[in-house]
Amino acid sequence: MPAPLQTTRRSLLVLSAALSSLALTAPVALAAPSPTPTPTPTTSATATTTPSSSASSSVTPTATPPANMSSVGGTRLAMAGTQVNLTAGVPVLPKDVTARSWIVSDAESGAVLAAHNAHWRLPPASTLKMLFADTVLPKFPKTTEHKVVASDLAGMGAGSSVVPIKQGESYTVHDLWLGVFLRSGNDAVHVLAHMNGGVDKTVADMNAHAQDLQALDTHVVTPDGYDEAGQVSSAYDLTLFARSGLQKKDFREYCSTVSVKFPGETTKVKGKSVRGTFEIRNTNRLLSGDSDVSVYPGIAGVKNGNTTNAGATFTGVAERNGKVLLVTVMNPEKDEHNEVYKEAAKILDWGFQADGKVQPVGELVAPKNVPQASAQPGATATGEAGGDTAAKPSASSAASASEEDAGSGGVGIALAIVGGLLVLLAGGVFLVNRRWPLPDLVRRRPRP
């Protein structure tokens with residue numbers, strides 16, 4: 001069956017299930033809905049200004065997941081612990097996943113298949129570079145050249161990962177982004193940040209862009225993800241950054257590149273200046289492989305990280321049989337070599353096995369400035385799903401609603417929602433197979 005027909009059929013089936021669920025559960029699950037819990041504010045007015053110490057102190061990571069977290073993407077995602085709908089036919093989750101937080105979702109429909117402490121605000125390490133790239137990458141043509149001066153490399157944290165970038169040498173923007181993605185080079189980040197007007201401006205730009213993406217768990221202090229007080233994100237937000245970045249061709253190219261020859265230092269050979277090169281290899285082990293980790297079938301990026309405070313973090317995207325999944329894993333408790341990749345691979349395996357069988361527990365919201373697909377011409381995203389206002393139920397949230405609300409008037413509300421779904425169904429299948437389709441991803445290239 002052609003892929004478009006498969007997608008349409010799957011979407012129709014999910015909508016049909018959602019309608020049936022609403023008809024059966026409306027008097028209980030949809031009666032007198034209470035307002036969606038409001039997520040803990042990030043830096044409030046500091047989204048477009050340099051973070052202050054007082055703002056940082058308000059976003060200090062907690063030792064255990066808060067009882068009430070952000071409800072962006074659905075109320076189930078605000079709950080601590082594992083969220084999954086293990087109905088008949090759905091494979092059980094792998095039992096040896098020890099990450100403090102993780103999430104697996106459909107990259108294109110936005111359906112969250114399962115999650116564990118999805119909105120727990122934790123140090124992100126270099127996975128924050130996805131937000132940096134999504135913010136800054138569109139600002140400079142890849143052919144732009146920049147000669148590095150001392151101030152470009154100032155202010156990096158002790159022990160930072162580096163490409164290395166050399167003072168006095170010229171690099172193209174293309175070179176610098178390869179240094180960011182393959183070597184997680186904080187030096188390449190700082191050069192690009194200074195090209196963007198400085199570190200403070202870049203941090204402000206990143207915080208503003210996070211707000212636009214409805215990534216409300218995120219507070220940026222450094223553009224490279226280096227440990228700083230108050231710098232936090234979440235598995236949910238990191239997934240939003242990856243999904244946004246993957247819309248961009250250059251982002252897809254950089255995050256899927258395994259190895260390249262990188263410009264080295266210029267030396268004199270027989271009186272002539274000669275620029276050497278050296279190989280840099282992607283440190284994403286599901287992409288490049290390692291002694292105890294195989295290249296994951298269908299992997300196409302995205303970004304890994306590791307710092308003292310964050311532990312190991314990773315966001316990956318993979319494709320199998322036309323299905324594209326995103327996974328984010330933060331800080332596995334199991335202290336083994338490459339554990340974050342091993343757990344990510346297990347969660348991806350489960351996601352592909354559960355595809356078409358499991359009902360979502362939430363959704364990845366689209367950015368505020370991206371129109372939502374809708375049967376109504378001109379409809380745009382309003383951000384209601386973001387949790388900062390009372391959320392409007394979607395097929396995924398309604399179909400998996402639990403008995404958390406009670407009261408009168410539920411039948412009328414349910415009929416209104418069912419009527420709305422029928423309008424969507426009549427106008428086209430949008431609710432599940434909608435949101436933000438990804439362009440063709442860079443497929444896994446043959447490995448030498």
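**Figure 1. Ser184 in the loop between H4 and helix H5.** In this predicted model, Ser184 belongs to the loop that runs between H4 and helix H5 (186-195). Its phi is near 50°, which is a positive value in a residue other than glycine. Most residues other than glycine have a negative phi, and most peptide bonds are trans.

**Figure 2. The packing of helix H4 against helix H8.** Helix H4, made of residues 173-183, packs on helix H8, made of residues 249-256, at an angle of about 55°, and the two axes are 8 Å apart. This angle makes H4 oblique to H8, and the crossing of the two helices is right-handed. On the side of H4 the contact is made by His174, Trp177, Leu178, Phe181 and Leu182, while H8 contributes Phe251, Glu253, Tyr254 and Cys255. Sorted by class, the contact of H4 with H8 holds 7 nonpolar, 1 polar and 1 charged residues. An α-helix has 3.6 residues a turn, so residues three or four places apart point the same way.

**Figure 3. The buried residues of H8 and the elements that cover them.** In H8 the buried residues are Phe251, Arg252, Tyr254, Cys255 and Ser256. Phe251, Tyr254 and Cys255 are listed among these buried residues and also take part in the contact with H4. The cover over the buried residues of H8 includes helix H3 (129-136), H4, helix H7 (235-245), helix H9 (285-288) and strand E8 (299-307).

Figure 4. Ser101 has its place in strand E2, which spans residues 99-106, and it is buried, with a relative accessible area of 0%. A polar atom of the Ser101 side chain lies 2.7 Å from the backbone oxygen of Asn117. When residues up to four places away in sequence are not counted, Ser101 touches His116, Asn117, Ala118, Leu122, Ala235, Thr328, Val329 and Met330.

**Figure 5. Asn117, the residue whose backbone oxygen faces a polar atom of the Ser101 side chain at 2.7 Å.** Asn117 is found in the loop between strand E3 (111-116) and H3. The phi of Asn117 is near 50°, again a positive value in a residue other than glycine. Asn117 is buried, its relative accessible area being 4%.

**Figure 6. Two cis peptide bonds, one at Val163 and Pro164 and one from Gly301 to Val302.** Val163 and Pro164 are joined by a cis peptide bond with omega of about 15°, and Pro164 has its place in the loop between strand E4 (145-147) and strand E5 (170-172). The bond that runs from Gly301 to Val302 is likewise cis, with omega near 25°, and Val302 is located in strand E8. Strand E8 is also among the elements that cover the buried residues of H8.

**Figure 7. The protein chain as the setting for the close-up views.** The secondary structure of the protein chain comprises 12 helices and 11 strands. Of the 448 residues in the chain, 55% are buried. Among the contacts in the chain with a separation of 6 or more, 71% are accounted for by residues 24 or more positions apart.

Methods. Residues are numbered from 1 along each chain as its sequence is written. This is a predicted model: local features need pLDDT of at least 70, side-chain atom pairs count only at pLDDT 80 or more; totals for chains, interfaces and linings use all residues. Side-chain values use heavy atoms; hydrogens and water are left out. Axes are lines fitted to C-alpha atoms, for helices over the stretch in contact, and angles run from 0 to 180 degrees between N-to-C directions. Helices (H or I, at least four residues) and strands (E, at least two) are DSSP runs, numbered from the N terminus. Angles under 35 degrees count as roughly parallel, over 145 as roughly antiparallel, 65 to 115 as roughly perpendicular and the rest as oblique. A crossing is left-handed if the near helix is turned anticlockwise from the far one by less than a right angle, and right-handed if clockwise. Contact means heavy atoms within 4.5 Å. Ala, Val, Leu, Ile, Met, Phe, Trp, Tyr, Cys and Pro count as nonpolar, Asp, Glu, Lys and Arg as charged, and the others, Gly among them, as polar. Buried means under 20% relative accessible area, exposed over 50%, partly exposed in between (1.4 Å probe, protein chains only). A polar contact is a pair of N or O atoms within 3.5 Å; within protein, one must be able to donate a hydrogen and the other to accept it, and residues adjacent in sequence count only if both atoms are side-chain atoms.
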